[in-house]
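I opened this entry to look up charged side-chain pairs. My notes follow in the order I looked.

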Amino acid sequence: MTRVGWTLGCVVATVAALAIPAAQQAPVGMDADGLLRAWGTYRSMRDASPYRTAAWQYLGPTNVSGRATDVAVVDVGGARHLYAAYATSGVWKSDDHGKTWRAIFEHEASTSIGDIAVAPSNPNIVWVGTGEANIFRASMAGTGIYKSTDAGRTFTHMGLTDTQTIARILVHPSNPDIVYVAASGHEWTDNEMRGVFKTTDGGRTWTKVFYKSPRTGAIDLVMDPADPNVLYAAMWQRIRRKWSDPRVEPGYTESGVFKSTDGGATWTDASQGLPAPQFRGRIGIDVARSNSNVLYAFVDNYEEGRGPQPGERDAYGRPITNGRIKAAEVYRTSDKGRTWAKVSDSNDFMIEHSGTYGWVFGQIRVDPANENTIYTMGLALNRSVDGGKTFTRVQGTSVSNVDASNTGGVHGDHHGLWIDPADPKKLYNANDGGVYHSLDGGATWVFAVSAAGAQFYNVTLDNSRPASWAYGSIQDHGSRRGRVDLSKGRTTIPAVAWEGAPGGEGSNHAIDPTNPNIVYSHGFYGNFSRTDLSVAAPARGRGRGAGAAGAPPAPQGPQRVTNIQPPNPPDAELRAQWMAPIIVSPHDNRVIYAGYQYVYRSTNQGEGFERISPDLTDNNSDQMLIRNSNAIPYQSIVALAESPKKAGLIYVGSDDGRLHTTIDTGKEWTELTSRLPVRRWVSRLLPSQHAEGTVYVTQRGREDDDFAPYIYKSTDFGKSFTSVVNNIPAGPVNVIREHPTNPNILFAGTDFGVYVSTTGGARWEVLGGNLPSTQVSDLQYHPQDHLIVVSTYGRGMYAIDAAQIK
């Protein structure tokens, strides 16, 4: 046994690490092909489940949609039909020009959508490319490309499974069997299935027609409107690190624009005049339909720009100390790509165009009727009428179907735009708020509020009466809460509009079990606060992504917000994850625990904190980009739980896969990492409420492009673990919970749906038959209401009557 001691004031703690051989109890690793096969198993389990008739009830929010990635428009028989693609909500269709919407792609192996395309010569043929290419921190991998021949009523998987992200689909204008796909590849790891792919037989077979390397994929693709054999591809060399957003790394030289004049058989470099290869980030391209000699390129240029301005901060409130890159630049060619010239100004508007995360944007469109009118998509939707020299923001106002958080016009952060070639004032926009359309050039917008669903990271239930509140944080919308109203019966719970709640867009919520007015939450990366909803004080919104109108609406009534973030210790800078954990002790509602790389404990509701652990992560400086605008806090605590049976028995898991426990409130720590067969992000820790020595651990492999399920159980305080995955076919596993009175009943949430076991994990059944296929990010069992509520990352929240589970 090795003990590492350290001293902080009068607190002494030790870590004991035991090298116990790891038993191979579960398959290590699952790729996208395995995930696709596992989906077939899941579907069979769902159809045969004894709980298949149990119905999940949608709770809302009815006033929030989700991040959209693309929109396609087709006119058939005098009617305009809209297809909307969402980052994690599948595909939705409207047959009445956006008045009503219905999900048409919601029960597949992946409902993360990168692009959608309708065949120009046959409007019944619809292609869906799965896997959002914008690769956010919580993006989900795709499982290839799907095809419908009946205008979206049914879909068939057509291959390209391991591409995992698809950025663009092009269908030949007269031959619907010829299709090109721009695949950008795995998010977290290198792979060969990236580049430009082509089929000439309607998707039965595919040929990789352009490829650079396992880290360089195709991020955009356009076709000459005058000659379908002429193609332009934008290639992007990138990888997302666990500690960094995608960025141009030393040695990168493969990003650029490439051209084919023979239908993809051969390609030449068409990047002359663009920034040097070592500075090229993501590139978006488009061709002018009114003059196919003209193309525009929207380049994220990593050349050094200006220095930091006094007090300048990034979107997450972090000081910018390293200066700014040149960032967003627009280039134009008038000779079909032989030479390019920069046309946009070099000014703060362009530097700020995409914030500090230009890698997530990169879309550009040319007005079909005017080669000098172009649109670029970043934090705002921007229009230039002078060929890209100057831009104005297209904001407008909302006129109907208004998102309650965004009454000031179109939402922020833009990813797709379709311009009507017959009337270029008609715009159809995909952004972080959802899908909008305008008939007057962006002066007014109609919001598709009934399409898709909120991307929740979590759910917490309070003990309010007569109806409990469900709390959760939503990507790009801040934190929200909605009533779970059982007054009309347990099977007729209404979906409701949700109001603002304490916390930002990535926030855990801990609610005082004796006083539901006391809510603990955080904005970005561990800036924890305590809110008293009963005390009058100025309301403060703290969500970055609430759209053009700012933060989400505050909870109705008075509130007082107190900052309780511990100060940085003298020997280190605190690191906290996007969903940093904060919990209320089940033994004393005044005791609060918070997770950074250390565990902090407060005995007075956060008024003061004591550090009770050493750094429980690898603390590897090679995996940190301190104060860099691309930096993501990594090597931090992401799972933190105290045993309901024994005060001071705490389990801690980190994003770099380490696991620790203490039985004495942090005086001594024991590392359990080596007792698990694999090392992955610890997604959940659940000390049993029934047996003191029992604890459940779940891991997720999403950040390793690993889709295997990992669930472990220990009955001896973590001395040994046994896998209880058994017949769960795939992960990632995001959450596990116990039944409050029956220790044999367990619930697990994965990226497919919800499972229940009545045998302590020996066998699992799919719970419910109607839940859309989407990531179940969290699950709570309300012991008084006997109701299970799940948060999903793409379809809002759902509830099911738990009384039927025995």
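Is E352 buried, exposed or partly exposed? I looked it up in the model, which is a predicted one. E352 is partly exposed, at a relative accessible area of 30%.

Next I looked for the partners of E352. I found a salt bridge to R324, with N and O 3.1 Å apart. R324 lies in the loop between β21 and β22 and E352 in the loop between α2 and β24, so this pair ties together parts 28 residues apart in sequence. I noted R324 as buried because its relative accessible area is 9%, and the cut-off for buried is under 20%.

I then found that R306 also forms a salt bridge with E352, the closest N and O atoms being 3.4 Å apart. R306 is in the loop between β21 (295-304) and β22 (325-333), while E352 is in the loop between α2 (348-351) and β24 (363-366), so parts 46 residues apart in sequence are tied together.

I checked which residues join up around these pairs. R306, E312, R324, D348 and E352 are linked in a network of salt bridges.

I turned to another pair, D571 and R611, which form a salt bridge with closest N and O atoms 3.3 Å apart. D571 sits in the loop between β40 (560-563) and β41 (582-584), and R611 in strand β44 (residues 610-611), so I logged a link between distant parts of the chain, 40 residues apart. D571 is exposed, with a relative accessible area of 52%, whereas R611 counts as buried at 6%.

Last, I noted the total: the count comes to 40 salt bridges.

Conventions
Residues numbered from 1 in each chain as written. Predicted model: local features only at pLDDT ≥ 70, side-chain atom pairs only at ≥ 80, totals over all residues. Heavy atoms only, no water. Salt bridge = Lys/Arg side-chain N within 4 Å of Asp/Glu carboxyl O. Helix = DSSP H or I, 4+ residues; strand = E, 2+ residues; numbered from the N terminus. Buried < 20%, exposed > 50% of the residue type's maximum accessible area, 1.4 Å probe, protein only.
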